[in-house]
Amino acid sequence: MILYEIHIKDEKDIVSARQRAREAAKNMNFSITDQTRIVTAVSELSRNIYVYASTGRVVIEEISSGTKHGLMITFEDQGPGIPDIDKAMEEGYSTGKGMGLGLPGSKRLVDDFVITSQPNNGTKIIIKKWL
Amino acid sequence: MNSVPMFLINKILLVSLQGEINDNMALSFQKSILDKIYETGAKGVLLNISQLDIIDSYLGRIISETARMIQLLGAKAVLTGMKPYVAVTLEELGLNMQGVEIAMNADIGVKILEDYVKASDFEEISAEDLE
Amino acid sequence: MNNSIISKTNEILFQLKDDITGIWIETIQKKSLNKVLTESEIVSLCNKIIHTFIMQIEYKGEFFSKTPELSDANKILDDCSKVAVTKGLTLMEVSTFIFSLKNIILDQLGKIDYADYISLSKEFIRISEILDRIGMYTIDMYVKNREQMIARQQQIMDDISAPIIQVWERILAIPLVGTLDSKRIQIVMEKLLDKIASTSSKVAIIDITSIPSVDTQVANQLLKTARATKLLGAELIITGISPEIAQTMVHLGVDITGIKTRAVMADGIKLAMEMTGFKVVRLVK
């Protein structure tokens, strides 16, 4: 069930995405630590859209699988894409280099992390966090 | 223009980071702190982040940069008020906040800074003691 | 060539020497060179150059040899060019000064009664060549002297802008002023390391308060200096770091760990004194 959809075109939209993610996570009764993880991941990945693709969208959905409940968040853009995903998922890109992609870090914050991307064809990242 | 609240007490600058901090604000608060240190000769900066619910890689980088800049001016920066769930998330994200000294609470932070201020100041002795 | 014709020309020109000089001085003053040179300076220069001219028209040897007569003449022209440099004349003004003599002299030549046009033409050419040579030599010397003066001024500036001062027993201070480039810092660094060694100083303070901005190269040079200082068994403190420079250095990713820095020199001096075994206290009544 789709809870929120946020279009990213301005820096303040990153803030909106965070706030919506916070609301969703809180309403689903995630622990405060998990809420923080989710909101931080949303902040990182939305910022990537803003920085690398200028526009894109973030969709926050409630999902279930059997008795599990959780949140699924999709980050999509039509930007330049990531040429070498394996490299981008390596450690060196996120820590200390500042405006790195933050991908490996974000991956650690969530339970599922799927990324598809092609040069000039945009990027799509789907993350899931279960209660 | 939104400026970060700062108080100067006994050569220690108390700064509270709060609310949403975007690019412009980050650079301008960085500059405000540095200017204040330069103008007043402040020797210590207590960066209070107890109002921050999340710290993403962008903000983390700004904080760590600011601490390094403060050091360059010959002053000392101490971070205080880090929430436990923020600490966990930062660690998972892979941000190590290098170069920033972190104090468990404001009292300890202030004590650390007072010691530093004292060391950089002149001891006073009376002429009689010299004899 | 008929030597008697040459002698005739030379003698007439010699007799007309003062008149020619007079006309020349007037011409120069009309060309508003009297704004940069005083009357006596103009008179002195003109007399010297005319003197050289007379020396050269009477010279019978090859003009490209290094004979004593020619070197004397050249020396006079060199001195004249130095005057031009010191008075700040432009190249254009120097050219105008010298080449305005040509018309005056050639004009006089035209009034001499030669036997035929061929003689007149040959003398024209001879005198022209001499005047051109005088002109070009003077200008060449002017350019050389000017470049030397600029180099000297630059050296003076360099010396002033990075004086090394012994502020205390084993503490040196270098206030840097003006724009820093990689090369200047390198020179300062070498001078500093020499001074540290020769005075057995333990601490050197480089103050960059008067430096408006710092780029990667400069920052790296400063770090290099700090490391080299350590290798000498001494320490470097960098003071005068402004908020802008602090921001630039961190954004540039300059690794300043292990280097002591302070915003104001006073703090640097206090630290330096503590590092050399002194304690500074404030006396209260």
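View 1. Phe7(B) stands opposite Leu14(B), a residue of β2(B), in a predicted model whose local features need pLDDT of at least 70, with side-chain atom pairs counted only at pLDDT 80 or more and totals for chains, interfaces and linings using all residues. Residues are numbered from 1 along each chain as its sequence is written, while chains are lettered from A and ligands numbered from 1 in the order in which they are written. The strand β2 (residues 12–16) of chain B runs antiparallel to β1(B) and is joined to β1(B) by four bridges; two strands pair if DSSP finds at least two bridges between them, and strands (E, at least two residues) and helices (H or I, at least four) are DSSP runs, numbered from the N terminus.

View 2. Five strands of chain B form an open sheet with mixed pairing, in the order β1-β2-β3-β4-β5. At its edges lie β1 (6–9) and β5 (101–103) of chain B, each of which pairs on one side only. On average, neighbouring strands of this sheet are turned by 25 degrees against each other, direction ignored, where axes are lines fitted to C-alpha atoms, for helices over the stretch in contact, and angles run from 0 to 180 degrees between N-to-C directions. Helix α2(B) packs on the sheet, touching β3 (44–48) and β4 (76–80) of chain B, and its direction makes about 150 degrees with that of β4(B).

**View 3. The largest nonpolar core.** This core has 95 residues, and those with the most contacts inside it are Ile37(B), Val45(B), Leu47(B), Leu73(B), Ala204(C) and Ile205(C). Its largest share, eight residues, comes from helix α2 (residues 57–72) of chain B. A nonpolar core is a set of buried Ala, Val, Leu, Ile, Met, Phe, Trp, Tyr and Cys residues joined through C-beta atoms within 7 Å, and a residue is buried if 20 or more other C-beta atoms lie within 10 Å of its own, with C-beta atoms placed from the backbone.

**View 4. Surroundings of Ala204 in chain C.** Leaving aside neighbours within four places in sequence, Ala204(C) is in contact (C-beta atoms, placed from the backbone, within 7 Å) with residues including Leu172(C), Ile174(C), Leu192(C) and Ala234(C). A second, separate core of 24 residues includes Leu37(C), Cys46(C), Phe97(C) and Leu131(C).

Terms used. Buried ≥ 20, exposed ≤ 12 C-beta atoms within 10 Å, placed from the backbone. Contact = placed C-beta atoms within 7 Å.
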